[in-house]
Amino acid sequence: MSGELFSEERSAEVVAASFANTPDPRLRQVLTSLVGHLHAFVKDVELTEAEWAVAIDFLTRTGHTSDAVRQEFILLSDVLGVSMLVETINHRTGGTSTESTVLGPFHMVQSPPRRLGDDIALDGKGTPCLVSGQVTGPDGEPLAGATVDVWQTNEDGFYDVQQPGIQPPGNLRGLFTADEQGRFWFRSVVPRFYPIPDDGPVGQLLAATGRHPNRPAHLHFIADAPGYRPVTTHVFVADSPYLDSDAVFGVKESLVREVPEVDDPARAAEVGLANPFRTLTFDLSLLREDRA
């Protein structure tokens, strides 16, 4: 017998050795590390058989809750902070571009193309808001023709895909093409904070640990331009509740913006919004594709 037999003391080493001949070196590295950390965790908490069974049942129910519209495993990754950690590791900016954050589960339909200045609030609900900004490269160079994909909740805290038959399709979504100076602007409403889906296993986990399911108010953005790395991010409303306790840990200080009120009938008429209205300015800076 050439292989080492399983023991409590050497469990991780024995199992890791079984992957030694994995042809893909990255897969071998990941599995070896996973086994080491997983076995160390089980030993650290001295996991009971009953707790192990509860964990298996939890993961099974998480899988059963997932479907074509809802991905409960991503939600689990979100509330454990893993999604944000993976996102942050893979999109380090070195302080030279807009910080990224999670895509979120509701970018599941293609945003309709819009013209600059269009109103994306098709249901007529909410506090009017003028959103504007500029897309540039890391040295401040304007990116003419950059695409800016946006989506957000309505005043009630729901995305259009959550309320088919209630919200118009494509409500509060838009795909914009920046002008020759990389500038974009559109009309919308101030987004509202909202809870992540909490009627499944992940919601039960939050309840059991005394955590709330809420996300602060935000707009989603994906900015892209040829020769540059796209960025997926949010902009958060500065006076929103839950900024310091986002259920999915998505808030970064650089992404929080004031949304001041403008009381100017002439300006409101000029931009096509009811007076008074709010304004949100959010500039986006992209890294070059060849820059690490």
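Visitor: Let's start with E9: buried or exposed?
Guide: E9 counts as exposed, because its relative accessibility is 64%. The cut-offs are under 20% for buried and over 50% for exposed, with partly exposed in between (1.4 Å probe, protein chains only). Bear in mind that this is a predicted model, where local features need pLDDT of at least 70 and side-chain atom pairs 80 or more, while totals for chains, interfaces and linings use all residues. Residues are numbered from 1 along each chain as its sequence is written, and side-chain values use heavy atoms, leaving out hydrogens and water.

Visitor: Where does E9 sit in the chain?
Guide: In the segment before helix 1, which covers 11-17. Helices (H or I, at least four residues) and strands (E, at least two) are DSSP runs, numbered from the N terminus.

Visitor: New topic. What about L172, buried or exposed?
Guide: L172 has a relative accessible area of 0%, so it is buried. It lies in the loop between strand 2 (147-152) and strand 3 (173-177).

Visitor: Which residues does L172 touch?
Guide: Setting aside neighbours within four places in sequence, L172 contacts I120, A121, V150, W151, Q152, T153, N154, S188 and V189. Contact means heavy atoms within 4.5 Å. For one of these, S188, the C-alpha atom is 7.1 Å from that of L172, and the two residues are 16 apart in sequence.

Visitor: And helix 6, which of its residues are buried?
Guide: P201, V202, G203 and L206, in a helix that covers residues 201-208. Their cover includes helix 3 (49-65) and helix 4 (72-79).

Visitor: What follows helix 6?
Guide: G210 does, with a positive phi near 75°.

Visitor: Which residues other than glycine have a positive phi?
Guide: Y242 is one of them, with phi near 75°. F249 is another, with phi near 65°. Y242 sits in the loop between strand 8 (231-237) and strand 9 (256-257), and F249 is found in the loop between strand 8 and strand 9 too.

Visitor: Why does Y242 count as partly exposed?
Guide: Because its relative accessibility is 25%. F249 is also partly exposed, because its value is 43%.

Visitor: Where is there a cis peptide bond?
Guide: Between N275 and P276, with omega at about -5°. P276 belongs to the loop between helix 7 (265-271) and strand 11 (277-281).

Visitor: Zooming out, how many helices and strands are there?
Guide: The protein chain has seven helices and 12 strands. Its C-alpha atoms fill a box of roughly 85 × 45 × 30 Å along the principal axes.

Visitor: How much of the chain counts as buried?
Guide: 41% of the 292 residues.

Visitor: Last one: what share of the contacts joins residues at least 24 apart?
Guide: Counting contacts between residues at least 6 apart in sequence, 70% join residues at least 24 apart.
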